[in-house]
Amino acid sequence: MKFSERLHKELQPIWRKNHAHPFVKGIGDGTLDKEKFRFFMVQDYLYLMDYAKLFAIGVVKAKDVETMGRFARLLDGTLNEEMALHREYAKKFGVAEEEFESASPSPTTLAYTHYMLHVGQNGTLADLVAAILPCMWSYWEIGKELNEIPGASEHEFYGEWIQMYSSDEFGQLAEWCIELLDELTVGLPEADLKRLEEIFLNTTRFEYMFWDMSYNQAMWPTDE
Ligand SMILES: Cc1ncc(CN)c(N)n1
């Protein structure tokens with residue numbers, strides 16, 4: 001069994017919780033309070049600024065030109081395509097994009113991004129890929145699932161978000177990371193696989209915490 005299949009199978013319960021979160025459901029049926037979405041987009045912008053840096057670390061840790069080029073494209077895609085979506089939403093909210101960029105990250109955003117940066121800087125290339133993968137993989141799966149809901153991708157407000165994360169372009173980037181993790185884990189001892197599984201589990205849990213923080217618009221977990 002490929003390592004990615006093992007991860008996917010073992011983490012199904014948490015994965016399903018992400019799909020069932022009211023924030024995700026609310027995007028799918030168009031009922032999500034726009035203020036919650038705005039909170040999410042600001043935090044997500046800050047999140048992606050750090051996330052993009054992980055691809056730069058990927059370039060540094062890669063051993064061949066092809067892998068370096070892929071990480072460079074992921075970096076470019078994050079800054080200039082995925083974050084362009086956030087800049088479009090900033091306009092819809094009547095906010096200058098600088099306001100997104102200069103906002104304060106919440107403790108959850110900081111914990112998530114700093115954990116990934118720590119793993120990316122101090123671990124192997126496989127550690128880095130295990131840390132960043134739930135982000136891409138889970139959004140692609142959520143995007144595809146929401147895209148199946150009749151009319152969801154045409155929704156006047158949330159449609160664009162669903163189109164972005166269900167797109168083939170986004171899916172191809174996620175698939176490349178899945179394949180890279182599978183290649184990097186061939187023949188690794190079980191102790192290493194366990195460590196990678198734990199990293200993947202941690203960032204999968206952070207994904208859930210990010211939805212929850214956004215739904216509660218909580219800069220701090222105890223905010224009302
Ligand atoms: C928190 C989070 N996780 C994943 C993604 C998809 N890149 C995102 N934009 N934000």
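Author: Two residues are in contact here if their C-beta atoms, placed from the backbone, lie within 7 Å. This is a predicted model, where local features need pLDDT of at least 70, side-chain atom pairs count only at pLDDT 80 or more, and totals for chains, interfaces and linings use all residues. Residues are numbered from 1 along each chain as its sequence is written.

Reader: Which residues of helix 8 meet helix 10?

Author: Among them are Leu125, Val129, Leu133, Trp137 and Trp140 in helix 8, which meet residues including Phe170, Leu173, Cys177, Leu181 and Leu184 in helix 10. By class, this contact has 17 nonpolar, three polar and no charged residues. Ala, Val, Leu, Ile, Met, Phe, Trp, Tyr, Cys and Pro count as nonpolar, Asp, Glu, Lys and Arg as charged, and the others, Gly among them, as polar.

Reader: Why is Glu207 called buried?

Author: A residue is buried if 20 or more other C-beta atoms lie within 10 Å of its own, exposed if 12 or fewer, and partly exposed in between. Glu207 has 21 other C-beta atoms within 10 Å, so Glu207 is buried. Glu207 touches Asn18, Pro134, Cys135 and Ser138, leaving aside residues up to four places away in sequence. An unreviewed UniProt entry lists Glu207 for "active site"; such annotations may be inferred rather than shown by experiment.

Reader: What makes up the shell around the ligand?

Author: A residue is near a molecule if its C-beta atom, placed from the backbone, lies within 6 Å of it. The ligand is surrounded by Asp44, Tyr47, Leu48, Glu82, Cys135, Met136, Tyr139, Glu207 and Phe210. These divide into six nonpolar, no polar and three charged.

Definitions and conventions: Helices (H or I, at least four residues) and strands (E, at least two) are DSSP runs, numbered from the N terminus.
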